[in-house]
Amino acid sequence: MEDLSWGMIIVKGLGRFWPVWLALAATFLISHRFRRRLGLYGKLFDSPVGMAGFAIVMFWVFTAFFADMIITHDPLSQLSGMKNKLPGTALTNPAEGAYPWYLFGGDHLARDVFSRMVMGARRVLQIAPAATLFAFMVGISLGLPAGYFGGKLDTLLSFVANLVLAFPVILLFYLLVTPEMVQTGIPIYLAAFLFIFPILFLTVLWNSRYFMVPARRNLYVGVTLVIGLWAYSGLAFNADPTGIWSMDPNLLNVFVSVVFVNSPGVFRIVRGMVMDIKARDYVAAGQTRGEGPWYIMLWEILPNARGPLIVDFCLRIGYTTILLGTLGFFGLGVSPESPDWGSTIDDGRRLLNIFPHPALVPALALMSLVLGLNLLADGLREESLKD
Amino acid sequence: MLSFVLRRIGVMALTAIALTFIVFYLTNLPPNLEKLAKSEGSVRMADDAVASWLERNGHTGPMLVRYGQWLGVVPGWTREEDGVTTGRCIPRGTDPATAPRYCGILQGQWGYSTVFKAPVVTMLGRSLGHTAWLMLAVMLVMVPSALALGVLSGMREGSRLDRVLSTFAIATTATPEYVSGVVFVALFASATAGISPLLAEWGLISGKTLFQGTATSAMEDITFWNFALPVMTIALYGIGYIARMTRASMTEVMTAQYIRTARLKGASFRQVVVRHALRNALIAPFTVIMLQFPWLLNGVVIVETLFNYKGFGWTLVQAAGNNDIDMLLACSVVAVFVVLVTQLISDIGYVFLNPRIRLA
């Protein structure tokens, strides 16, 4: 086999993503047809910026989903003679049925840069949205009462939030994401504290709405508690008897640290919005009707704060991606073989002057994902402000 | 005003104490201390030897007391063994009678760095000096360009110029330092890729590369050649954010009544922007720039590691990676101090700059 030219690399590379293109086309066709019935999501298709951002984000989501079909080689296997080879180099002695090229070249351990980048997307998209969601649960659960009740509770929570925000992020990561920290069990305590919030949130959410209809309330709260506590025991304490919910201790440490760093920011936004919204007439109407404070917070105030929260959610996933990359870049909490983008950049930078491609490919991938999320957030903001 | 400042300083002191205690707690966890004992004593120490080493060196006892000793508000520990008195405040080979009672960071005793084999204060001073030059250069590049970008795109909202500049600003906020640094090095400082080989071929540059990929030589002598890339890398990430804030505040000002009045009385657009709008539009960005310092600190750590520039960030990484407890504590004190002081300045400065805010 001969080496590929730059044009052929692009053609072949784009070709490898065929499941992604199909899925992307289907998503856009369907969403565009029904855009008038899809609310804020549908309105996104009226804004070119939002559409571009959505396309980039969905590209990476589908890439992560179809990663097994896209990769050309095993992301961990090393093929002899492919060390630091330039993009498009043909394999020296390919095995039967193996893909005959390294599309984006080989890294310093002769692994395929292209496949590692694709697998890295899966790593990032497994952690970043989930961690952001947890941070939102924590931030909302604490920000609502702080903003609504005010007083001593607000002073205390705000002080703690400012404390975490005043910490330089990298210092916090260097203190929290270490093997010693896993030994002491602090990540487990933190996880036990942070992971309880989604359960609390959902329980209070159902209870405040349906406490007059006990049958329904019991069903919803019961399902939440059973699934929630089951997942909780597995994720936080690794004590799930069935073994479905479990998390590697290092991954748990990374996850918990990222949630911990992100939640004070969410707290501040939610608190500020609640303080603004609670002066509205519909809140006063609810209070006069005799609604409980949690009903007002969760079913009156929160839905009316959703616009800025959705925008911030998009931005924050991007920020979380950057944080995960930072962790990988400093080699914190990830296994050295891991294909995630941050550690691949760190691997590649040692030979950056001579062979830039192993570091450049994941760097551009990370940048495009974050850019997509930022554009999406911008589009959403613009569209949600229109009405 | 005075009571406001005093209250702010009080909260700040409380925050500083809480933060340093957290750092102290996290760096003095048992596994860290065990590692310290093994690296200072011998690697093959048994568990009881580790325990006695820690006991001899004052690493046992309640965490709060040790924190107090480190801070310098609790008398340093002393021990008598075989008639020889050792203690926190008694350097080896000096008379215990003349030693001071307190020796914490408040007394200027910052400890000894186990990685650099030097007093923490000297190492910290040197690295902060290097970082100060970097920060100065970053500020000189970042602030004017970000403000210009924001004002230009904010003065005519929705124009083509605004669209282009806003997209650029979004792109820079999506590019963390470790990405832009890698891209810059590949583009400008690689002898095999990017534009340097082309320029060298055309004879436009004398050396092999347009810029240098490491900033190690900048520690002795800062030149454009070795300092441009690190400065650009840090500045780029901040530019987008400040520019967006400036743009938001500029667009708000441009719709204000007094701008319309100025236009109606016949002032030119240029004069309206420079004389009337600019001053009010720059209040909000001032706070933003001040609050950027914690982020810049992140950027400094990444860029100094990437470009091998032995400043504050590089020192922090070395100290954290090698379990150098005293050094790491000192670094965090500096970091926390910088963050809190800039917050205070931004709060007070905002009140001074914005006459609409009155404090009782």
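Modeller: Here is a short walk through a few terms. This is a predicted model, where local features need pLDDT of at least 70, side-chain atom pairs count only at pLDDT 80 or more, and totals for chains, interfaces and linings use all residues. Residues are numbered from 1 along each chain as its sequence is written, chains are lettered from A and ligands numbered from 1 in written order, and side-chain values use heavy atoms, without hydrogens and water.

Biologist: Why are helix 7 of chain A and helix 13 of chain A called oblique to each other?

Modeller: Their axes cross at roughly 135°. Under 35 degrees counts as roughly parallel, over 145 as roughly antiparallel, 65 to 115 as roughly perpendicular and the rest as oblique, so this pair is oblique.

Biologist: Which residues of helix 13 of chain A does helix 7 of chain A meet?

Modeller: Among them are A:Phe260, A:Pro264 and A:Arg271, where contact means heavy atoms within 4.5 Å.

Biologist: What makes B:Tyr112 partly exposed?

Modeller: Its relative accessibility is 45%. Buried means under 20% relative accessible area, exposed over 50%, and partly exposed in between (1.4 Å probe, protein chains only), so B:Tyr112 counts as partly exposed.

Biologist: And why is A:Cys314 called buried?

Modeller: A:Cys314 has a relative accessible area of 8%, so it is buried. B:Cys331 is buried too, at 0%.

Biologist: How many disulfides are there over all chains?

Modeller: The structure holds 0; a disulfide here is a pair of cysteine sulfur atoms within 2.5 Å.

Notes. Axes are lines fitted to C-alpha atoms, for helices over the stretch in contact, and angles run from 0 to 180 degrees between N-to-C directions. Helices (H or I, at least four residues) and strands (E, at least two) are DSSP runs, numbered from the N terminus.
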